[in-house]
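Here is a short briefing on a structure with two topics: how chains meet, and what lies around a ligand. Take a look at the structure, then read the points below.

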Amino acid sequence: MMASGDSRRDTRRTWGNGLHWLGLAARGLKRDLRAADVRALFVALALAVAASTMIGFFLDRLERGLTRQAGQMLGGDLVLEQGEPFSSELKSTLREAGLTLSDQVDLVSMISRGERFQPASLKVVDSAYPLYGASRVDVGNGVEPLPRGPAPGEAWVDPRLESLIGLQLGDEVRVGRTTLTVSGIIEREADQSGGFSSFNPRLMMHVDDLAATGLVQPGSRVEYEILAAGPPAAVSSLDARLAALKRDGVEVRDVRVDRPGLGRALERAEKYLALAGLAAVLLAGVAVAMATRRYVDRHLDTAALLRCFGASQRQLTRLFALQLGWLALAASVCGALLGLAGQAGLLALLTAFLPLELPPPGPLPLALGVLTALAVLVGFAGPTLLRLKRVSALKVLRRELDPLPASAWLVVAMASLVFGGLMWLYSGDLWLSAALLVGGLVMLVILGGVGMLLLSGVLRLAALLPQGSHGSSPTRALRLGARQLGRRRQASLGQLLAFAVTFAAMAMIGLVRGDLLTAWQDQLPEDTPNYFAINIQPQERDAFVETLAGAVDDRTALYPMVRGRITALNGQAPQEAVPESGRGSNALRRELNLTWRDTLPEGNRLVAGEWFGPGDTVSGAEASSNDAANAGDRAATEPSDKVVPISLEGELADRLGLALGDTMSFTIGADTLTGRITSLRDLDWDSFRPNFYVIFPPGVLELFGHTYITAFHLGDAQSPLPGQIVENFPAVSLLNVEAILGQVRELLTQVTRSVELVLGFVLLAGISVLYAALIASRPLRAHESGLLRVFGAGDRLISRVQGAEFAILGLASGLMGALLAELAAAGIYAGWLDLAPRLHPWLWIGLPLGGALLVGLIGHGLSRSLRRQTPMASLGLLGES
Amino acid sequence: MSSTTSSSTMSSTTSTSSNHDLAPILQARHLGKQVRSGDRSLTILSDLSLTVFPGETVAILGESGAGKSTLLGLLAGLDAPSSGELKLFGESLAALDEDGRAQLRAGRVGFVFQNFQLLPTLTALENVLLPLELAPAADNDARARDWLMRVGLGERLDHLPKQLSGGEQQRVALARAFVTGAELVFADEPTGNLDPATGERIIERLFALNREAGTTLMLVTHDHALARRCDRCLRLIDGQLVDMTLEEVGA
Ligand SMILES: Nc1ncnc2c1ncn2[C@@H]1O[C@H](COP(=O)(O)OP(=O)(O)OP(=O)(O)O)[C@@H](O)[C@H]1O
Ligand SMILES: [Mg+2]
């Protein structure tokens, strides 16, 4: 009984206590809001929240928007394809998962107008088509976006069909056993589903007319597709089923994985945006750390007094923790609102460029923002704040009894830990975060040393400066400014490091942006091929080259192409030889395009092994062939198991679990051919150039039936070349990919814009952090300049001294920032963005100069008001100090 | 207005000065200072007049809150009066802006603040060097060391203010006020934190300077022993200065 009564009273007292402290903390904070450091702390925290919520919101919406756009190119969020109709069971499973479906059938067939025949690639769509976006079609009123397909009885056709068979709007076209009316000329299809693998001109028709064509017969080559649209969660819920489908040989394209043509660009853009978000958070963290130092310095006296009055360490901790808790709460709310407004503004700006419809903001980024604020407060301010509780009461009497400043190691360790955690959260890559963190810490130690050296160097240099003859001569101001900087060594070092990190973060985000854009431009340069010509017969080859000569780039190359199927890997059946994950690979089911070549093709990079040497160029005699009749007398003299060197594409090698030295056997026609992998290549699939998984040395494949393929760039839309080719080489299929290229370029432009906007935001965040940091250091500078004024220093001198101080600070931190940015960028390029690191010479000039200018300007602006005050006021002889 | 002509007229109106044939170094007429706190206006000084001649030593006494620090700040041109006229070294301060006033003070005026106003991040030596850096000379360092020696802190050159006791900080502030060789030194309770023996030594220094270099001293003090040694003692009461007799000071 007694015990329970006691405990109840205890609880009540704790409660009363708790409320009491909460109120005390709130009042303390209210009084504190007058102080510059608390305001700076508030601004920094609000900025951290604003930055992370804004970039979070933006990224989230952009990500979803881009996924949708990618989905549009793919035809849906999920696309299934196989050679027979899909079961209705599967369709209802997909619908139950929350997906909207559209059926599609693709086949190649002869179409005709009157007496003129032409093979065409038929795309048979239903009324649900397209799930996303709209096709650009001319139905008689000029080209317009239409979010539908052709109606039953109608056909939409490729404009090439006009020149090929004279097909025009309103004409009748015969497809199989039925006749359709041409009601639209297609400029661009809403999606790329069905692909352009057939290279034949397109004809789109409605699924209701398909039966009447009589084209679908047992054994005819028809591809059935299900296009499905829905939220990622719906697609994810089907993962197990999709895996099973893949094992059954169904081709599964998933927007989360297969982003057509843009994979690497988008991936990099997202990483970049996440990186920018992190940079903004880091900047805010640095500002919080700086503001906290002053906050604690200022409250040491308060803490000591409270100790005198009998407050325990716990009570002190609680008081200040609560006080900052209030601050964090208020800052979070303000920051979140700011972030929300900011992202809305960003998007309003962006939608002017973006024909991209973005989904509304989700709640997740908001939570992430608040979490970030708390993490930043705990990580960047925590250890410094703990100093307050270690204050001894005696400090009231003996001022030197300040508790030791929180060990710099502890501060940095804690901040790094938290920041590392945030990095992990943002990037989803533990090892990368750990590596970046360790690298960053090592850099910080080095920078600390460099900073100390720089400061003492500045002091020594200042002493060497001529004294200056008159009152406010520039050299004298420089001398004085340098001295003040050098004397406040601890504080200056802190600012130097903070500014260096700030500049480095700003510069890095700028650098990476530039290099990203360059990489994107390099990926699709002006002269990216916009025409493919395939099926060039060997006997036409020279004539074709001649036709092209002069009209196109001389780098344009014709690649021989032989189709072969993989039949064995290292002598084993492929399905048994490859790792489980590689079993569904298309490469095992379909015929591969093989080529031969004596030089590495443009855009290919050797990643392992060696390219064919002169000895590898196999004379026909060395080719191994089982078909003695085909190979003639030469085969008779050679053992049939002779193996030739081949070069394999690296990613396929990974998927199939192959390495240098392994062998691959191909069936070509009726023959079998075995090659040993002597090199692995890395190539750019997004390059719009013919790419080959397997390349043989010359002298092997020539024996087999082959055709040539080429891709070339034609700058002049009016060029007669396409017409000439169609006319002179009737067997050659010519494909214009300008439209697809345009779509890819447009998407890149959009991503570029978003990257630029985010860069602008990071720059702003950096500037605000400089501002916050300088505001926090203002009281000390105010004291100094007030005293100088008492001693008789004039406006000119004071502003010059401060200007010199700021300029030196900016210059030095810019220099250190350049070092940091260069190293960090190199690390990020190599480790994360998959770009080649390079040196940025202008950075070493631009950053110090820009830094001096920026810090100088902000500092100058901030100290202007100080200079107008009377010394009485700026020394705070009566007011707060 | 030429100061030589005005000096003869003024000298007759002032009494105990030893240098009344020179132009006044400091002249205040009908000085007033009001401050606003919230929506209430508080009058600290009103219609206050004072003339000080070079080489004089003047003590200002008064109760706490009487406005002594405010007055000293005004006289040194650290703040602007609400009304009245003020001349320092014969120049009217009203005609000068903040900048001009600072220039007038440069190297000629020393100030010891009641709360010392040492820069917490600078060592004792660096604090004393600060005013010297405005008028650089080769022997700056030596002069600063010399002055710290004179106030008895020769061994504490590299200590930060917070490592020094209150009295020691006050002595650094004194050294800083005198190191430029100022003609006019304002000191707000310069011996307030010192024990009698140290206080006595410092006072000796001040008056020796006054004798040897003719430095004019304006002291705010509660220390009657110090006040008695000054040429004039003034009491600040109700915003005005009144002369005190020796008996009053002795009391
Ligand atoms: N800027 C101001 N705002 C409000 N009140 C002021 C201001 N300046 C001075 N005061 C008030 O004027 C009065 C005189 O202040 P001052 O510091 O000059 O007194 P003092 O004579 O030096 O006192 P003490 O002997 O305690 O140092 C005080 O009551 C002070 O609060
Ligand atoms: Mg006072």
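## Where the chains meet

The contact (heavy atoms within 4.5 Å) takes 29 residues from chain A and 33 residues from chain B. This is a predicted model: local features need pLDDT of at least 70, side-chain atom pairs count only at pLDDT 80 or more, and totals for chains, interfaces and linings use all residues. Residues are numbered from 1 along each chain as its sequence is written, chains are lettered from A and ligands numbered from 1 in written order, and side-chain values use heavy atoms, without hydrogens and water.

**Area and contacts**

- Chains A and B bury about 2,900 Å² between them, 62% of it on carbon and sulfur atoms. Buried area is the accessible area (1.4 Å probe) that two parts lose on being put together, summed over both.
- R487(A), F791(A) and M872(A) supply 25% of the area that chain A buries against chain B, more than any other three residues.
- Between chain A and chain B, 3 residue pairs are in polar contact, both residues at pLDDT 80 or more. A polar contact is a pair of N or O atoms within 3.5 Å; within protein, one must be able to donate a hydrogen and the other to accept it, and residues adjacent in sequence count only if both atoms are side-chain atoms.

**The chain A side**

- Helix 13 (474-487), helix 23 (778-790), helix 24 (795-833) and helix 26 (871-874) of chain A each give two or more residues to the side that touches chain B. Helices are DSSP runs (H or I, at least four residues), and strands are too (E, at least two), numbered from the N terminus.
- Helix 23 of chain A gives the largest share of that side, 7 residues.

## Around ligand 1

- Residues from chains A and B surround ligand 1, so the site is shared between chains.
- S64(B), G65(B), K68(B), S69(B) and T70(B) come nearest, of the 15 residues around ligand 1. Here a residue is near if one of its heavy atoms lies within 4 Å.
- A polar side-chain atom of T70(B) lies 2.5 Å from an oxygen atom of ligand 1.
- A backbone N or O atom of G65(B) lies 2.8 Å from an oxygen atom of ligand 1.
- For A66(B), a polar backbone atom is 3.2 Å from an oxygen atom of ligand 1.
- Helix 2 of chain B gives the most to the shell around ligand 1, with 3 residues.
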